[in-house]
Amino acid sequence: MELDQLKEMWSDVGSKQPGTSAEELQGMLQKKSQSPIAKMKRNLTWELVTIVVFYSITIFSMRNYEKIFASFTILLLIIGLLFAIYFYFKYRLLQSMECITCEVKSNLQMQLQTLEKYVRIYFVFGNLLTPIVFFVTGFITYMQRDGDLTISPLRFWTIFSIIGLLFSVAVYFLNKWYLHTLYGQHIQKLKDILQDMEELK
Amino acid sequence: MTNNAEQEFLQLINQNQGIVRKVCHLYGRNDTDKEDLYQEIVIQLWKAFSSFRGEAKFSTWMYRIALNTAISNLRKQTKKVALSFPEFIPHENADTNEEKIKEEKLTEMYAAISRLTEVEKAIVMLYLEDKSYEEMEDILGISNGTLRVKMNRIKDKLRSLTKAVQYGT
């Protein structure tokens with residue numbers, strides 16, 4: 001059988017199936033999209049909600065500790081500012097990640113480029129924020145307990161830096177693995193499809 | 001969006017349901033998958049409806065969204081699953097020998113199409129829909145020349161795949 005013979009019958013595909021009723025269609029319009037980008041947008045919203053809840057609980061529980069409250073407020077402000085930049089970039093990228101009404105090829109190219117940028121931002125911020133938070137916390141702890149430290153400042157900072165370095169290296173590999181698990185397959189599939197669209201060997 | 005827009009949209013979808021059904025038929029792996037894809041395409045069409053200004057034909061606009069959704073959904077596919085027997089084949093009435101042979105050949109062709117890549121399936125679908133290469137270019141964004149070469153290769157591939165199905169390889 002040739003494809004052209006199938007062409008003769010193709011117009012009938014689906015015609016014997018009962019059509020979706022207007023009520024069913026209307027019901028579909030109320031449902032949430034399950035596309036990968038829609039899910040990423042929802043995940044980002046959840047990340048934001050988690051951070052806000054975490055911040056509120058932390059500030060609420062720290063209000064009784066007057067001695068360190070001011071220092072923690074500064075710490076939270078620094079981290080909060082970095083998170084705000086991070087969320088802004090991610091949100092902007094997600095908004096421009098797809099053009100569903102564009103030609104299929106240009107839409108896929110746009111998705112691939114934007115997703116790669118998105119993963120880079122995720123990776124860079126994830127790796128930067130961890131040591132920043134760690135060392136700022138260490139600095140505040142040091143300033144607060146300056147007088148009551150049982151070890152010398154040099155020893156404190158040496159131990160602290162070694163732990164920080166090991167922690168940052170671990171976070172680097174964890175981030176790499178996590179991002180690959182989340183988006184690696186998706187990126188590879190997009191690349192394969194685009195290559196299939198361009199390939200003419 | 002207003003109720004009027006919703007009514008207009010529902011009417012247009014009703015008139016063009018066949019396009020969405022066919023895309024789901026080619027890309028869905030089973031009935032549930034086809035229904036999920038159908039729903040997702042309808043949602044995407046609705047979300048984009050306010051931006052439709054009639055510059056392109058409604059069907060072209062619909063093909064773009066339906067194929068973009070089906071291809072970029074990238075659901076996990078561990079193995080290729082043969083497409084279900086198309087409902088337009090009168091297999092229960094295939095009494096004569098000639099009809100039985102035709103039915104078998106159609107089944108082979110369908111099994112072969114299910115083994116094509118996502119992009120090849122899109123090209124085959126538009127070809128079966130009798131779209132010109134210019135229209136295919138407008139929907140897929142692949143140049144006319146590349147599409148012609150690809151179409152010839154797909155036909156060759158389908159020939160060898162149907163032979164492979166015949167001999168059970």
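This is a predicted model: local features need pLDDT of at least 70, side-chain atom pairs count only at pLDDT 80 or more; totals for chains, interfaces and linings use all residues.
B:Asp130 is placed in the loop between H6 and H7 of chain B, and B:Asp130 has a positive phi of about 65° although it is not a glycine. Most residues other than glycine have a negative phi.

The secondary structure of chain B, to which this loop belongs, comes to 8 helices and 0 strands, and, read along the sequence, the chain follows the pattern α-α-α-α-α-α-α-α. Of the 169 residues of chain B, 34% count as buried. Among the contacts in chain B with a separation of 6 or more, 65% are accounted for by residues 24 or more positions apart.

Chain B is divided into domain 1, covering residues 1–78, and domain 2, covering residues 80–169. Where these domains meet, 10 residues of domain 1 of chain B are in contact with 8 residues of domain 2 of chain B. On the domain 1 side, the elements that give two or more residues are H2 and H4 of chain B, and H4(B) gives the most, with 5 residues. By class, this side of domain 1 has 6 nonpolar, 1 polar and 3 charged residues.

The largest nonpolar core has 50 residues, and those with the most contacts inside it are B:Val23, B:Ile41, B:Val42, B:Ala66, B:Leu67, B:Ala122 and B:Ile123. This core draws at least three residues from each of domain 1 and domain 2 of chain B. For B:Ile41, leaving aside its neighbours within four places in sequence, the residues in contact are B:Val20, B:Val23, B:Ile65, B:Ala66 and B:Thr69. In soluble globular proteins, nonpolar side chains tend to be buried together.

At 1.5 Å a residue, the 15 residues of H4(B) should span 21 Å, and the end C-alpha atoms of H4(B) are 21 Å apart, which agrees. Of these 15 residues, 12 are buried, so H4(B) is largely enclosed by the rest of the structure. The buried residues of H4(B) include B:Trp61, B:Arg64, B:Ile65, B:Ala66, B:Leu67, B:Thr69 and B:Ser72. The buried residues of H4(B) pack against H2, H3, H6 and H7 of chain B, together with helix H5 (104–144) and helix H6 (153–198) of chain A.

Between the two chains, 48 residues of chain B are in contact with 39 residues of chain A. Helices H1, H2, H3, H4, H5, H6, H7 and H8 of chain B each supply at least two residues of the side that touches chain A, and H4(B) gives the most to that side, with 8 residues. By class, the side of chain B that touches chain A has 24 nonpolar, 15 polar and 9 charged residues.

In chain A, A:Ile57 has its place in helix H3, which comprises residues 36–62. A:Ile57 is exposed, because 10 other C-beta atoms lie within 10 Å, and the limit for an exposed residue is 12 or fewer. A:Ile57 and A:Gln113 are 56 residues apart in sequence and 38 Å apart in space, C-alpha to C-alpha.

Definitions and conventions: Residues are numbered from 1 along each chain as its sequence is written. Chains are lettered from A and ligands numbered from 1 in the order in which they are written. Two residues are in contact if their C-beta atoms, placed from the backbone, lie within 7 Å. Helices (H or I, at least four residues) and strands (E, at least two) are DSSP runs, numbered from the N terminus. Ala, Val, Leu, Ile, Met, Phe, Trp, Tyr, Cys and Pro count as nonpolar, Asp, Glu, Lys and Arg as charged, and the others, Gly among them, as polar. A residue is buried if 20 or more other C-beta atoms lie within 10 Å of its own, exposed if 12 or fewer, and partly exposed in between; C-beta atoms are placed from the backbone. A nonpolar core is a set of buried Ala, Val, Leu, Ile, Met, Phe, Trp, Tyr and Cys residues joined through C-beta atoms within 7 Å. Domain bounds come from an automatic or database domain assignment. The expected span of a helix is 1.5 Å times one less than its number of residues.
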